[in-house]
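Please keep the sequence and the structure in view while reading.

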Amino acid sequence: MGKYRSKRGAEIIMDLKAMIEEKMPLTLGEIIEIADEKKIRFVDVVLAEAEIQTGKSKEEVLEEVLKEFDHNLHAIEVGLTTGSSLLLGTTGSELNNMEGFRLFQDEFVDKALVYTIAAQVGNHGVGLNPCAGTGDSCPYTGFIKAMFDTGYERERVAEIAAMILKIGAMFRVGKTTTGCNMEGYGAGSAAIAAAQVELLGGGPRDIERAMVIAISPTIGVPCTPRVMVPALCATHIGGAILNGTLSAGLAVKTNIEVNVPIDVMLAMAAEIHPVAAKALVPTVVEFMQPFFKTKEPVERLIAQAIKDEEKAHIDNTLVKAKEVAKKLAKGARPITNTLGEAVVGGSSQAVGSPTNTGRIAHYLAKGKIKKVKIELYPELFARRGINVPGVLMGAVYGASTADGKMYKEVMELVEKEGIQVEIIKDEEYQVQRVTIETDEGTFMVDALNRGGGRLVLRDATPSKEDAVQIANKLGIVLVEA
């Protein structure tokens, strides 16, 4: 652990506690800042704050932290042996009874995954002590038991448990409605990422980077299908172990740039949480309700008229799902031409589709180019650092989305040629509009953004028909609005 090894000596403890008291209660970002400044571990700051809050010694805090997991460790034992869940059946004991590696050929990760799933099975029978919700207690406890079973000393396990609980406590406050982004998958991913960084010997800033990238894919993940549909919760809670482990590895073993502070990332996740519950969950319920597990004794208490109404709704949903699936199938290319053209810049939506709008405008235009006006809806405007070079190389030079050399050089080339560039934020959803002014006139392509480099061609001047022909000739896929 190098310079981040515990340095809780008397010479710094008073100064550390004074710094903590001045800022309490600490955010995750403040814990990172203090630990980084003092060149101590994240967990040292967590424990010092707990000592101040509780009036207990470090040793007493660590023991009480482990006691918090007593019931949940019992739930794992139930899940590994006799437990049976409405949603996961006897998956825990099935995995436990297998010889050798069960899910991954990595002893620690394999154990953590099996114990995490067993915790959920046990949860459905004997319950868990929750943190953010209940689901995140499964990866927390699975990780702790894996540490015990792979030979970590009790104090080290307690330190990791303290880190996990501190991070989980933040998510618990942020959890105000349904959503796995603030419990099983989200909170679990962040806590496991921090724990794995600590075990890998990383420092406070590595923990921050790991938590930020671990949280990102969890934001907006709804909870309802996990609650009522068989099997789905297994990949949410197990995913926390895998996502956290991946994030920690990236943070400690590479120099990957992460420029978002953890407090910003966590605040965004908390603010999106209630929005996602209202915007996403109704659709999830619509499609998942046919597969919700129910219990016959309960169903006998429901009026037949209500059950008939639900069945009609379910039947309609299944028809709708089939229609959507068929539409997707009709739009899919043959597997010999599925990937389409290469797209430089990192995103077929943020770069590919706008670049292709610019390409169509380039071949529609006539004369020497004097100005290019780019209008982008807010999401694309915010990502202008990667898409404006693409639009300009398409609009000014007709370059394809795969031209990496031009993508790197285009800003300098446009400036040298004295071409004026205007970039405007348009509030209309998905709009990407490119207007080229030349010595022979004005030429415009009005499109809507789509993934895979595709676009909706709404209008073009002087001729939409010509623009469609150009797109077809260039192999640019046009889709319906």
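Q: Over the face of which residue does lysine 145 lie?
A: This is a predicted model, in which local features need pLDDT of at least 70, side-chain atom pairs count only at pLDDT 80 or more, and totals for chains, interfaces and linings use all residues. Residues are numbered from 1 along each chain as its sequence is written, and side-chain values use heavy atoms, with hydrogens and water left out. A charge sits over a ring if NZ of Lys or CZ of Arg is within 6 Å of the ring centre and within 35 degrees of the ring normal. Lysine 145, at 4.9 Å from the ring centre, lies over the face of tyrosine 115.

Q: How many aromatic pairs are there?
A: Rings of Phe, Tyr and Trp (its six-membered ring) pair if their centres lie within 6.5 Å, and planes under 30 degrees apart count as stacked, over 60 as edge-to-face and the rest as tilted. By this rule the count of aromatic pairs is three.

Q: Is tyrosine 429 buried or exposed?
A: Buried means under 20% relative accessible area, exposed over 50%, and partly exposed in between (1.4 Å probe, protein chains only). Tyrosine 377 and tyrosine 429 form an edge-to-face pair, at 5.5 Å centre to centre and with 75 degrees between the planes. Tyrosine 377 has 4% relative accessibility and therefore counts as buried, whereas tyrosine 429, at 60%, counts as exposed.

Q: In what order do the five strands of the open sheet stand?
A: Two strands pair if DSSP finds at least two bridges between them. Strand E2 (420-425) and strand E5 (455-461) each have a single partner strand and stand at the edges, so one side of each is left without a neighbour in the sheet. The pairing is mixed, and the order is E2-E1-E3-E4-E5.

Q: Which residue in E3 stands opposite lysine 371?
A: Strand E1 (residues 369-376) and strand E3 (residues 431-438) pair in the antiparallel sense over seven bridges. Opposite lysine 371 stands glutamate 437.

Q: How many residues lie between E3 and E4 in their hairpin?
A: E3 and E4 pair in the antiparallel sense over eight bridges, with isoleucine 436 opposite phenylalanine 443 in E4. The number of residues between E3 and E4 in the hairpin is two.

Q: Which residue in the turn of the E4 and E5 hairpin has a positive phi?
A: E4 and E5 run antiparallel and are joined by six bridges, and aspartate 446 stands opposite aspartate 459 in E5. Five residues lie between E4 and E5, and the residue in the turn with a positive phi, of about 70 degrees, is glycine 452.

Q: At about what angle to E4 does helix H18 run?
A: Helix H18 (residues 348-364) lies across E1, E3, strand E4 (441-449) and E5. Axes are lines fitted to C-alpha atoms, for helices over the stretch in contact (heavy atoms within 4.5 Å), and angles run from 0 to 180 degrees between N-to-C directions. The angle of H18 to E4 is about 155 degrees.

How values were computed. Helices (H or I, at least four residues) and strands (E, at least two) are DSSP runs, numbered from the N terminus.
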